[in-house]
Amino acid sequence: MNKINVTQLIDDGVFNKHHGWIMFWCFFIMFAEGYDIVVIGTVIPVIMEQWQLSPVIAGTLASYLIIGMAIGTFIISPLSDKYGRLKITIAGMFLFSICMLGAALSEGPTSFGIYRFLSGLGIGGVMPNLISWVSDYSPKYRRNRMIAVQQSSYSAGGMLAAGAAMLIIPDYGWRPVLMIGVFPILCLPFLYKMLPESPTYYFRRGQFDKLSAILQKMNPTYKPSANDEFELAVPKSAKIPVARLFQEHRAFSTLMIWGVLFCSMFMVYGMSTWLPKLMRGVGYDMGSSIMTLMTLSLGGIIGAYVGGLLSDKWSPKKALITLYGTAAVAIALMSFQMNIVLLNFVVMVSGMGTLGAQYTFNAYVSQFYSPDMKSTAVGWSLGVGRIGGTFSPAILGWFLALQMPFYSNFLFISVVGLMAVMGIRLIQEKYSFRRATSAGN
């Protein structure tokens, strides 16, 4: 009888085309979600004028998507551990793509908000699966970089949203910019055929032929045999209670992880929603204002690679402290008047330290907990984090409604970044699954 350690076999693999296809489709899905999320920041100045919305109402409208994402993450995402990631991902993608069309055809803020909320449900149910997919199937020596790069596709989608808005809105208005987000629905048949389920899903259901086939793709040195007996650390029940996140000395660290994600998403969604409007408020034209959103997304892509590289070379905690600390400084500097070239550089650095750090932290969370509870852990962490993302557009909109100086928004976000640094320092790494696995080796 040949005992096959599933996790070890995948860890010891070398990146090949099969890893590449999983990366590609997860990158594509996150790209579509990034477009859907960031596009609100490009159209909100136009919608405010067309529908005569106050900053508070506009900020609340932007929060509907994030509220839907939080609920979808809490309720839908954990179902992936029980029913399979592929089914939940396809259903969620279908929902958020169709709702983009509904939002584009809306005639007022009420229907627009409803469609954005429903779109958020789909995104919230899908996003944690993407992190878990790449984490489960990537070789250990490249895992942090692969997760961070895959997550950076959110920023790539944001760049497309900003670029499309710059080209389309002046001549055709804001509705066609949203309609572009419907096209990912055409790729669902390819996703169904090409993405595998998780190793845990196959193992629990006794689908060892499928498990054997995917392991051979992930590590060609593995030669299947009829005598193979697979080993994988999973609980007897497919039901993963949230209470397990607080067991085995993880309670304090789980709370710190949730707090960091609260702060992180406050920064990410606040900047993504209001940056163009803030730039217009201090005298920049529409094109230059939307350009800063593109620059922010570019910084996120760079930050994702830098964060993944530093995590592999140093440690995830050191990398995250560096990124969030850099973001706090860069965002504070944005409160000063500067020329457009220097402004875009500072915005890019802030994107590295907010979006880039967010992607790196998602990778860290996916490895802090054991594989059997990964989707639940990531899902609940992101769900709590999105509460911060929900508050952010509304609070910053309230600042604008009070006609406070524009720099007050940046200083407030900068302080939130420092709070994220403090939270990361307090996470107890010694109780993580990652540390326990390293110690066991």
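Predicted model: local features only at pLDDT ≥ 70, side-chain atom pairs only at ≥ 80, totals over all residues.
Residues are numbered from 1 along each chain as its sequence is written, and side-chain values use heavy atoms, with hydrogens and water left out.

Start with the whole thing. The protein's secondary structure comes to 19 helices and two strands; these are DSSP runs (helices H or I, at least four residues; strands E, at least two), numbered from the N terminus. The radius of gyration is 21 Å, close to the 22 Å that the globule rule gives for 441 residues, so the protein is as compact as a globular protein of that length. (That radius is taken over C-alpha atoms, and the rule is 2.2 Å times the number of residues to the power 0.38.) Along the principal axes, the C-alpha atoms fill a box of roughly 70 × 40 × 35 Å. Of the 441 residues, 59% count as buried, where buried means under 20% relative accessible area, exposed over 50%, and partly exposed in between, using a 1.4 Å probe and protein chains only. Now take the contacts (heavy atoms within 4.5 Å) between residues at least 6 apart in sequence: 85% of them join residues at least 24 apart.

Next, the open spaces. On a 1 Å grid over the protein atoms alone, a pocket is an open set of points with protein on both sides within 12 Å along at least five of seven lines, whereas a cavity is a set where a 1.4 Å probe fits but cannot get out; lining residues have an atom within 4 Å of a point. Grid points are joined across faces, edges and corners, and a volume is the space filled by probe spheres set on the points.

The largest pocket has a volume of about 570 Å³. It is lined by 20 residues, and those nearest its centre are Lys193, Leu195, Pro196, Glu197 and Tyr202. Helices H2 (17-50), H5 (85-104), H10 (188-194), H11 and H12 (208-218) each give two or more residues to this lining, with the largest share, five residues, coming from H12. By class, the lining has 12 nonpolar, two polar and six charged residues. Here Ala, Val, Leu, Ile, Met, Phe, Trp, Tyr, Cys and Pro count as nonpolar, Asp, Glu, Lys and Arg as charged, and the others, Gly among them, as polar.

The second largest pocket holds about 460 Å³ of space. Of its 25 lining residues, Asp11, Ser135, Lys140, Arg143 and Gln367 are the closest to its centre. The lining of this second largest pocket divides into eight nonpolar, 10 polar and seven charged residues, and H19 provides the largest share, four residues.

What about closed spaces? A search of the whole structure finds five cavities of 30 Å³ or more. The largest cavity contains about 110 Å³. Its lining has 13 residues, with Met127, Tyr154, Tyr269, Gln358 and Tyr359 closest to the centre. H16 gives the most to the lining of the largest cavity, with four residues, and that lining is made of nine nonpolar, three polar and one charged. The second largest cavity comes to about 70 Å³. Ten residues line this one, and Asp81, Arg85, Ser198, Thr200 and Arg204 lie nearest its centre. Its lining has two nonpolar, four polar and four charged residues.

Now zoom in on a helix. H15 (residues 316-333) has 18 residues and reaches 26 Å from its first C-alpha to its last, close to the 26 Å expected at 1.5 Å a residue; the expected span is 1.5 Å times one less than the number of residues. Among the buried residues of H15 are Leu320, Leu323, Ala327, Ala328 and Ile331. Serine 414, which lies in helix H18 (residues 406-426), is in contact with Ala328, Ile331 and Ala332, leaving aside its neighbours within four places in sequence. Serine 414 counts as buried because its relative accessibility is 8%.

Is serine 153 buried or exposed? At 0% relative accessibility, serine 153 counts as buried. Not counting residues up to four places away in sequence, serine 153 touches Cys26, Phe27, Met30 and Phe31. Serine 153 and phenylalanine 31 are 122 residues apart in sequence, and 4.7 Å apart in space, C-alpha to C-alpha.
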